[in-house]
Amino acid sequence: MPISRRALLTAGASALTVPALPRLAWADDMPILRAAPSNAQLAPEGYGTTPVWSYGGTIPGREIRVRAGERVRRRFVNDLPQDTAVHWHGIRIENAMDGTAGVTQDPVPPGGTFDYDFVAPDPGTYWYHAHARSWEQVARGLAGPLIVEEGEAWAGLEGAATREATLMLADWRLQEDAALHEASFGDLHDWSHAGRLGNTVTINGAIDARLPVQRGERLRLRLINAATARVMPLRLPGLAPVLIALDGHTIAPRAAEEIVLAPAQRADVVVDVSPEMDAPLPILMDAGRDEWIEIGALVDGGETPLPPQDGPVRALPMTMDHALDLTAPQEELLRMEGGAMGGLRRARLGGVDRDFRELVAARRVWAFNGVAGDMDDPAFRAPLGRTIRMRLVNDTAWAHGIHLHGHHFEVLSRGGRPDPHRDRRDTVMVMPDEPVEIAFVADNPGRWLLHCHMLGHQASGMLTWFEVG
Ligand code: C2O
Ligand code: CU
């Protein structure tokens, strides 16, 4: 007789001599999320597989999908040879579930477990990734999509997409034998420049991915940049993409010939596949210096074409939860300094003022407000409910993708000019000499990280925190 896993667990529990705690009995039916070494075919056919670290054995990790307002529940099991923790990027989460090792929880040791159980309040495209030595762990593959569906139906309504697909983009540095280039993990030269860039870009773990589509369909693509360093300018020639969400947030639909995703950023776009499509539609990425390479393509899946949908794209349901009151905000500044060609002379580390040579010796080459990643004091404290207006100033020679945990912010201005869209995001790219102003309500109590999502930059100085409540 087949015996269900649940039945086995119950049988096992009753055989214990120690009475089981009700909490454990309840947690036993939690789905497992296991991080472990595995292998993936990242290199082209003909090359071997790449030893990676993954969630659930696949690259990317299995997509987690809930409806807005539902709980995400996972018993995380660490079968890696390192401490780790799982961060749910972009979710306005309860602090204890944020998964930042050493800040919101103790790291999960090899062989250890941690139960994540939280509400995902906002619909949108999110992702989960390792948040311990993330410059190594994410580069080894520890990332997966987290999709929060709209509470009210959108798909299928007039002007909405008929189907959707998640495209998780990642950047790998592979050797000729297809193994990860481990020797460059932690390379300070990479970290002091753009970060550890790879040489292989995958979509959903595949190089040169072929994504089957139905001719005539209106498709929603959920694009996620899971790279540790690479900024990805993307183009879908011939598809006239319409942006409908950024970092999960609904925006008024707008055409976007080019979509630029900093590491950790997401964009939802709608594309209309022509019923007359007769060749694969390439997905192009600027590999640097305007060198556009094909990283994958939409291909005809062979189904009967749908009648074309050429009416305007329907906006997603609006998700703004509160209008920002900017009359008397708490003003904050985040000044980025350091890196190659940055001219950083001194910064504080371990509570002590240090010169650049000492900073390099300590592997800290960047600073926020003159502090090179010290975690003793927060960048700022805010009373619960206070509106924060923050100026992000990039005094370095490099782009940075600045991310705040636990909150979503509005982009008020760029380079001194008001941003016409005032997009809401959780990660914003700040270019050299182009200050960005953001604002948000500090409405989520706890200690939250604020860092650059170029993960090598984060590890070498671009990391701080703020405290709410
Ligand atoms: Cu994507 Cu600190 O996180
Ligand atoms: Cu950075």
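Colleague: What are the ground rules for the model?
Modeller: This is a predicted model, in which local features need pLDDT of at least 70 and side-chain atom pairs count only at pLDDT 80 or more, while totals for chains, interfaces and linings use all residues. Residues are numbered from 1 along each chain as its sequence is written, chains are lettered from A and ligands numbered from 1 in the order in which they are written, and side-chain values use heavy atoms, with hydrogens and water left out.

Colleague: Which domains does the assignment give, and how far apart are the C-alpha centres of domain 1 and domain 2?
Modeller: The bounds come from an automatic or database domain assignment. They are domain 1 (5-149), domain 2 (163-300) and domain 3 (330-468). For domain 1 and domain 2, the distance between the C-alpha centres is 24 Å.

Colleague: What area do domain 1 and domain 2 bury between them?
Modeller: Contact means heavy atoms within 4.5 Å, and 32 residues of domain 1 are in contact with 29 residues of domain 2. Buried area is the accessible area (1.4 Å probe) that two parts lose on being put together, summed over both. Carbon and sulfur atoms carry 67% of the buried area, and the figure itself is about 2400 Å².

Colleague: How many salt bridges does the rule find across the interface of domain 1 and domain 2?
Modeller: Side chains of opposite charge can pair when their charged atoms come close. The rule asks for a side-chain nitrogen of Lys or Arg within 4 Å of a carboxyl oxygen of Asp or Glu. Across this interface, the number of salt bridges found is two.

Colleague: Which elements give two or more residues to the side of domain 1 that touches domain 2?
Modeller: Helices (H or I, at least four residues) and strands (E, at least two) are DSSP runs, numbered from the N terminus. The interface also has nine residue pairs in polar contact, both at pLDDT 80 or more. On the side of domain 1, the elements are strand 2, strand 7 (124-130), helix 3 (134-137) and strand 8 (143-149).

Colleague: Which residue forms a salt bridge with Arg67, and where does the partner lie?
Modeller: The closest N and O atoms of the Arg67 pair are 3.8 Å apart, and the partner is Glu149. The pair links distant parts of the chain, 82 residues apart, with Arg67 in strand 3 and Glu149 in strand 8. A residue is buried under 20% relative accessible area, exposed over 50%, and partly exposed in between (1.4 Å probe, protein chains only).

Colleague: Which residues are linked with Arg65 in a network of salt bridges?
Modeller: Arg65 pairs with Glu63 at 2.7 Å, N to O, and with Glu164 at 2.3 Å. Arg65 is partly exposed at 34%. The network linked with Arg65 holds Glu63, Arg67, Glu149, Glu150, Glu164, Arg220, Arg222 and Asp268.

Colleague: Is Glu217 buried or exposed?
Modeller: Glu217 sits in the loop between strand 12 (209-213) and strand 13 (218-225). Its side chain makes a polar contact with that of Arg163 at 2.8 Å; the term covers a pair of N or O atoms within 3.5 Å, where within protein one must be able to donate a hydrogen and the other to accept it, and residues adjacent in sequence count only if both atoms are side-chain atoms. Glu217 has a relative accessible area of 1%, so it is buried.

Colleague: Which backbone oxygen does the side chain of Arg173 reach?
Modeller: Arg173 is found in the loop between strand 9 (163-172) and helix 4 (188-192), and at 18% relative accessible area Arg173 is buried. A polar contact of 3.2 Å joins its side chain to that of Ser184. The backbone oxygen, reached at 2.9 Å, is that of Leu197.

Colleague: Where is the cis peptide bond, and what is its omega?
Modeller: Pro60 lies in the loop between strand 2 (50-55) and strand 3 (64-67). The cis bond joins Ile59 and Pro60, with omega about -10°.

Colleague: What is the phi of Asp290?
Modeller: Asp290 is in the loop between strand 19 (281-286) and strand 20 (292-300) and is exposed, at 55%. Although Asp290 is not a glycine, its phi is positive, about 60°.
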